[in-house]
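Please keep the sequence and the coordinates open while reading.

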Amino acid sequence: MNDADTLVLTVGPPANGGACVARHDGRVVFVRGALPGERVRAQVTARRDAYWHAQVREVIAASPDRIAPLCPIAGPDGAGCCDLAFAAPEAARRLKAAVVANQLERLGGYRWAGEVQTLGTGAATGAATGWRDRVRFGVGADGRAGLHRYRSDALVTDLRCAQLTPALVEGLADLRFPPGSRVHAVVDDDRTRHVVVTGRGRPRVLHGAYHARHTVAGRSWRLPVTAFWQAHRDAPARYSALVGDLAHLPPGATGWDLYGGAGLFAAALAAAVGESGRVLSVDTARAATGAARTALADLPQVSVRTDSVRRALARERRAADVAVLDPPRAGAGREVIGLLADAGVPRVIHLGCEAASFARDIGLYRGHGYDVEQITVFDAFPLTHHLEGVALLTR
């Protein structure tokens, strides 16, 4: 480590993305591995005209919120999995709340002063480990499965990430896979493990089956191990119940489930509108919409469409009473939110897993005359800077 690349910094508030803000000779430095109030020795990892990035190498004066890392493989020379493993879980939630509040005010023009809520019984008791029941590993040139280092193609082949339930990784470190392939592991709601290897050629089932079963509110989904489902085992039930509560749909009403995946929220909307109502679920992923059609086949009020949300909204001629959006990390964006506003949807439930894009989308809704009725933020990814926000907007 070159002395010119080493800085002694006093760390300030948290920034979006898992770093904290410090200053060196008037320049902003985003410091990973630090907590507010700490004094650290950090190595500069990237220089930009307006700011630098740095990684903590030594903690000179520690925050009282710093703990022994809960993940044995994370850290500056380890995997990029658990970037807040060194923060007490309750302190990490406070950091996330501060980031969300900052992003909402800066990008959404909205002041929020809430707290980040836990998910499920494990997190509620303060445990931040073992909550993840699905994971995808990369495979290196040596055929070993691993997790990526932070912003790197390099893999850490120690699979003991603290997020993962131990059953997910049992025996996988001893196996060898085709270089460049991907290893998908899921423990489903029957506590059966499924392991599927993808890459060149057809997927290969190593353990269990290609499809895993998940159950929410008495309804079962059978979907490919490679398809999207919430990573936190308690998230689907919690989000589904919240969406059902916020929708306020009477029998005979119309609901849109946009970026609907396997139709989790479509099921909640269908229960409210009954057979006299209508629910449209839209997603681009064929595996997800196929699973939705199968899981919701007994609900005549639900139609599932494999299409982009933008195209589906442009073609839709029947107005909705409520729209639920769970877009990818980049958010819904200007065009989709504009189409919703033009369609006159009076009630929107918007989910987002990245603070900045979530805040930008909130600002776009407000620009179209929507009011923020409620924002709930969940610690859906403990040990990391990631989160899940749920906003109710009305017009």
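Predicted model: local features only at pLDDT ≥ 70, side-chain atom pairs only at ≥ 80, totals over all residues.

Residues are numbered from 1 along each chain as its sequence is written, and side-chain values use heavy atoms, with hydrogens and water left out.

**Terms**

- Helices (H or I, at least four residues) and strands (E, at least two) are DSSP runs, numbered from the N terminus.
- A residue is buried under 20% relative accessible area, exposed over 50% and partly exposed in between (1.4 Å probe, protein chains only).

**The annotated cysteine**

- In an unreviewed entry, UniProt lists Cys-353 under "active site"; UniProt positions are given in the numbering used here, feature names are shortened, and annotations may be inferred rather than shown by experiment.
- Cys-353 is located in the loop that connects strand S19 (347-352) to H9.
- With a relative accessible area of 17%, Cys-353 is buried.
- Not counting residues up to four places away in sequence, Cys-353 touches Arg-329, Leu-387 and Glu-388, where contact means heavy atoms within 4.5 Å.

**Helix H8 and its cover**

- Helix H8 spans residues 333-342, and its buried residues are Val-336, Ile-337, Gly-338, Leu-340 and Ala-341.
- The cover over these buried residues includes strand S15 (254-258), helix H7 (309-315), strand S18 (322-325) and helix H9 (355-367).

**Non-glycine residues with positive phi**

- Most residues other than glycine have a negative phi.
- Arg-151 is not a glycine, yet has a positive phi of about 50°; Arg-151 is found in the loop between strand S8 (145-148) and S9 and counts as exposed, at 71% relative accessibility.
- Tyr-259, also not a glycine, has a positive phi of about 55°; Tyr-259 is placed in the loop between S15 and helix H5 (264-273) and counts as buried, at 18% relative accessibility.

**An antiparallel sheet**

- Six strands form an open sheet in the order S9-S8-S7-S10-S11-S12, with antiparallel pairing; two strands pair if DSSP finds at least two bridges between them.
- Strand S9 (155-156) and strand S12 (204-207) stand at the edges with a single partner strand each, so one side of each has no neighbour in the sheet.
- Strand S10 (residues 182-187) and strand S11 (residues 193-198) run antiparallel and are joined by six bridges.
- Val-183 stands opposite Val-197 in S11.

**Ala-22 in strand S2**

- Ala-22 lies in strand S2 and counts as buried, at 2% relative accessibility.
- Leaving aside neighbours within four places in sequence, the contacts of Ala-22 are Leu-9, Thr-10, Val-11, Gly-12, Arg-27, Val-28, Val-29 and Val-31.
- Ala-22 and Gly-333 are 311 residues apart along the chain, and their C-alpha atoms are separated by 31 Å.

**Cavities**

- On a 1 Å grid over the protein atoms alone, a cavity is a set of points where a 1.4 Å probe fits but cannot get out, a pocket is an open set with protein on both sides within 12 Å along at least five of seven lines, and lining residues have an atom within 4 Å of a point.
- Grid points are joined across faces, edges and corners, and a volume is the space filled by probe spheres set on the points.
- The structure holds two cavities of 30 Å³ or more, and the largest cavity has about 90 Å³ of space.
- The largest cavity is lined by 13 residues, of which Ala-15, Gly-18, Leu-84, Leu-95 and His-385 are the closest to its centre.
- Helix H1 (89-108) and strand S2 (19-24) each supply at least two residues of that lining, and H1 gives the most, with three residues.
- The second largest cavity has about 40 Å³ of space and is lined by Leu-84, Ala-87, Pro-89, Ala-92, Ala-128, Asp-379, Pro-382 and Leu-383.

**The second largest pocket**

- About 650 Å³ of space lies in the second largest pocket.
- Its lining has 32 residues, and Arg-32, Gly-33, Gln-55, Gly-75 and Pro-76 lie nearest its centre.
- S5 gives the most to the lining of the second largest pocket, with seven residues.
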